[in-house]
Amino acid sequence: MTIHIDTFDDLLQAARQQAQPQRLLMVFTSAELPDDCTPQQRQDFEAGHGGALVPAMVADKSPDDIQSFAALKQESGQFQSQWHVVFVASLSGSNGKPPSSTDVEQTLERMVESVKLGALDNMIAFDTSGSAIMLQ
């Protein structure tokens with residue numbers, strides 16, 4: 001079965017259809033410019049391009065706890081005023097039970113480290129409109 005995910009809401013729908021309970025694990029990131037940046041990098045950053053994505057906040061939720069991307073974005077704004085990209089992975093439970101809190105915590109820690117290292121292959125990135133994006 002192939003699942004095509006263009007938006008966060010597509011991911012929500014797919015997660016809700018899985019046979020085993022899912023947890024959606026999220027790393028919200030903000031863009032920062034290194035202190036040793038070049039004038040061109042600063043100009044590009046000020047125009048909304050470039051910079052480094054830095055983990056700012058993590059969350060885990062059941063797909064049933066999220067009505068839509070719009071609701072998630074509104075909720076996240078209560079904790080992190082400005083984020084640029086959210087990286088999401090789904091963690092599956094087994095035998096009809098959701099993943100353990102230990103599994104969730106360990107996976108979130110690995111996700112944060114992966115973002116810091118730029119190893120993003122096992123996560124889907126979404127922009128602030130909820131659209132899936134590819135990072136270069």
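I count two strands as paired if DSSP finds at least two bridges between them. Helices (H or I, at least four residues) and strands (E, at least two) are DSSP runs, numbered from the N terminus.

Ground rules for myself: this is a predicted model, in which local features need pLDDT of at least 70 and side-chain atom pairs count only at pLDDT 80 or more, while totals for chains, interfaces and linings use all residues. Residues are numbered from 1 along each chain as its sequence is written, and side-chain values use heavy atoms, with hydrogens and water left out.

**Entry 1, the sheet.** In what order do the five strands of the open sheet lie? I read β2-β1-β3-β4-β5, with antiparallel pairing. β2 and β5 (132–133) are the edge strands, each pairing on one side only. Helix α1 (residues 8–16) packs on this sheet and touches β1 (22–32), β3 and β4; contact here means heavy atoms within 4.5 Å. The direction of α1 makes about 160° with that of β1 (axes are lines fitted to C-alpha atoms, for helices over the stretch in contact, and angles run from 0 to 180 degrees between N-to-C directions).

**Entry 2, bridges.** I went through the pairs next. β1 and β3 run antiparallel and are joined by eight bridges; Arg23 stands opposite Leu91 in β3. Three bridges pair β3 with β4, again antiparallel, and Phe87 has Ala125 in β4 as its bridge partner. Strand β4 (residues 124–126) pairs with β5 over two bridges, in the antiparallel sense, and there Ala125 stands opposite Ile133.

Why do I call β3 largely enclosed by the rest of the structure? Because six of its eight residues are buried, that is, under 20% relative accessible area, with exposed over 50% and partly exposed in between (1.4 Å probe, protein chains only). I also checked Ala56, which sits in strand β2. Ala56 counts as partly exposed because its relative accessibility is 34%. Its C-alpha atom is separated by 32 Å from that of Thr2, 54 residues apart along the chain.

How much space lies in the largest pocket? I noted about 500 Å³. Of its 18 lining residues, Ala31, Gly50, Gly51, Leu53 and Leu135 are the closest to the centre. β2 (52–61) and β3 (85–92) are the elements that give two or more residues to the lining.

For my own reference, a pocket on the 1 Å grid over the protein atoms alone is an open set of points where a 1.4 Å probe fits, with protein on both sides within 12 Å along at least five of seven lines; lining residues have an atom within 4 Å of a point. Points are joined across faces, edges and corners, and the volume is the space filled by probe spheres set on them.
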